[in-house]
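Please have a look at the sequence and the model before I go on.

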Amino acid sequence: MGLNIGITCYSTYGGSGIVGSELGRELAKRGHTVHFICSALPTRLTELGENILFHEVEPTHYPLFEYPPYDLALAVKMSEVATEVKLDLLHVHYAIPHSISAFLARELNNDLSYLPIVTTLHGTDITLVGADRSYLPITRFGILKSDGVTAVSSYLLKETCQVFDIGCDKISVIPNFIDPNYYYRRQNEQLRNKLAPNGEKLVVHVSNFRPVKRITDCIRIFAAIQNKVKARLIMVGDGPEKAQGEWLARQMGVSKNICFVGKQPGIVDYLSVADLLLLTSETESFGLSALEAMACEVPVIASNVGGLPEVVADGESGYLAEVGDIEGMAKYAIKILSSDNLQRKMGQFARQIAIENFSTEKIMPLYLDYYNKILEKAL
Ligand code: GMT
């Protein structure tokens with residue numbers, strides 16, 4: 001019988017919201033009913049239906065509240081939805097504040113049947129925000145009060161156990177996934193000609209342009225690439241570091257070959273015309289954009305950090321270099337972009353890894369088995 005699952009994730013542009021949305025869609029395809037409980041329709045969730053429903057969390061604004069209490073409004077909404085539709089399980093993405101709101105929701109409903117909570121840890125909820133002393137105790141509490149906790153990489157599992165002094169047996173690794181029938185390379189001559197009107201190679205970066213992504217490294221690497229290969233850099237996304245990136249591009253005299261295209265709903269279109277993806281992050285628990293690119297046969301050059309070595313096979317689906325190693329990353333980029341053969345071989349291998357290790361077919365059963373295990377334990 002299909003389960004009734006509540007999913008909470010951030011609706012903003014970010015990997016955890018994408019994973020939450022795509023997980024919901026995949027669950028619905030498999031006959032389960034999914035209730036998204038979020039402040040807005042999550043990114044990439046374009047269609048609702050009979051078994052994908054959306055419950056909006058609306059924190060009340062009142063002059064006394066400098067910051068409207070989203071976490072409390074969320075807890076109330078979670079508890080209402082759980083009662084109304086008899087949720088079997090609540091799956092929250094990103095520990096802060098979602099796991100704590102879920103715990104409060106369960107306490108609010110304590111006269112009703114027990115509501116199991118699964119928390120998926122994504123990255124900065126642990127490595128940055130969670131490890132901040134002011135948030136550490138409450139994040140730890142949220143993790144310990146969850147009935148099940150998953151992490152998107154082995155790196156993140158180890159990091160969580162260490163930072164929060166929690167036994168590693170409390171957490172299971174379930175990696176992020178892609179649907180290979182949606183993420184594949186498509187011909188798009190029109191977009192290719194628009195972005196590379198003179199047949200240039202296309203280097204792409206996709207992110208939310210936060211400091212952790214080090215987008216200025218992309219600009220510097222691109223400046224070095226340009227000395228050797230005719231190329232253009234396409235910066236997909238938006239965020240606080242955009243202005244800094246644009247400024248640096250002008251300073252380095254490369255701005256005419258860099259295109260900031262903003263947030264894009266059709267990410268596959270951009271990946272389909274890309275020759276290379278750059279992911280220069282300071283830290284990255286998984287690197288979903290690397291996986292999406294790999295599925296579209298795009299070789300990836302990424303920082304050798306966090307969970308990225310679990311996704312990008314160094315020397316086979318791209319290359320890894322130390323964080324901030326502009327020269328090394330540029331050297332690898334020039335190597336790939338100068339050889340159509342190497343680019344194609346790496347791209348094909350990248351897709352093979354994406355399918356073998358991270359396809360929906362492989363990962364969805366892991367989530368469903370995990371849910372069943374939690375539900376059995378909660379009985
Ligand atoms: O932690 C963040 O930076 C936010 C989060 C998000 O919502 O985008 O990103 C993390 O989760 C993604 C999905 O699991 C991972 O692919 C990203 O690697 C991870 N970001 C970092 O670790 C910086």
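Let me begin with a question: which residues in H14 meet which residues in H15? Before I answer, please keep in mind that what you see is a predicted model. On the H14 side the residues are Glu356, Asn357 and Phe358, and they meet Thr360, Lys362 and Ile363 in H15. Sorted by class, the residues of this contact are two nonpolar, two polar and two charged. As for the geometry, H14 covers residues 340-358 and packs against H15 at an angle of about 25°, with the two axes 6 Å apart. Since angles under 35 degrees count as roughly parallel, H14 and H15 are therefore described as roughly parallel to each other.

H15, which spans residues 360-378, also packs against H1, residues 15-29, and here the axes come within 11 Å and cross at roughly 85°. With 65 to 115 degrees as the range for roughly perpendicular, H1 and H15 are therefore placed in that class. From H1, the residues involved are Leu23, Glu26 and Leu27, and these meet Thr360, Met364, Tyr367, Leu368 and Tyr371 of H15. This contact of H1 with H15 divides into six nonpolar residues, one polar and one charged. You will have noticed Thr360 of H15 in the contact with H14 and again in the contact with H1.

The next pair is H3, residues 98-108, and H5, residues 136-145, whose axes are 8 Å apart and which pack at an angle of about 55°. These two helices are therefore oblique to each other, and their crossing is left-handed. H3 contributes Ser99, Ile100, Phe103 and Arg106 to the contact, while H5 contributes Ile138, Phe141, Gly142, Ile143 and Lys145. By class, that gives five nonpolar, two polar and two charged residues.

Let me finish with the domains. The protein is divided into domain 1, which is made up of 4-177 together with 359-378, and domain 2, which runs over 189-358. Taken over C-alpha atoms, the centres of domain 1 and domain 2 are separated by 30 Å.

How values were computed. Residues numbered from 1 in each chain as written. Predicted model: local features only at pLDDT ≥ 70, side-chain atom pairs only at ≥ 80, totals over all residues. Heavy atoms only, no water. Axes fitted to C-alpha atoms, helices over the stretch in contact; angles between N-to-C directions. Helix = DSSP H or I, 4+ residues; strand = E, 2+ residues; numbered from the N terminus. Parallel < 35°, antiparallel > 145°, perpendicular 65-115°, else oblique. Left-handed = near helix turned anticlockwise from the far one by under 90°. Contact = heavy atoms within 4.5 Å. Nonpolar A, V, L, I, M, F, W, Y, C, P; charged D, E, K, R; others polar. Domains from an automatic or database assignment.
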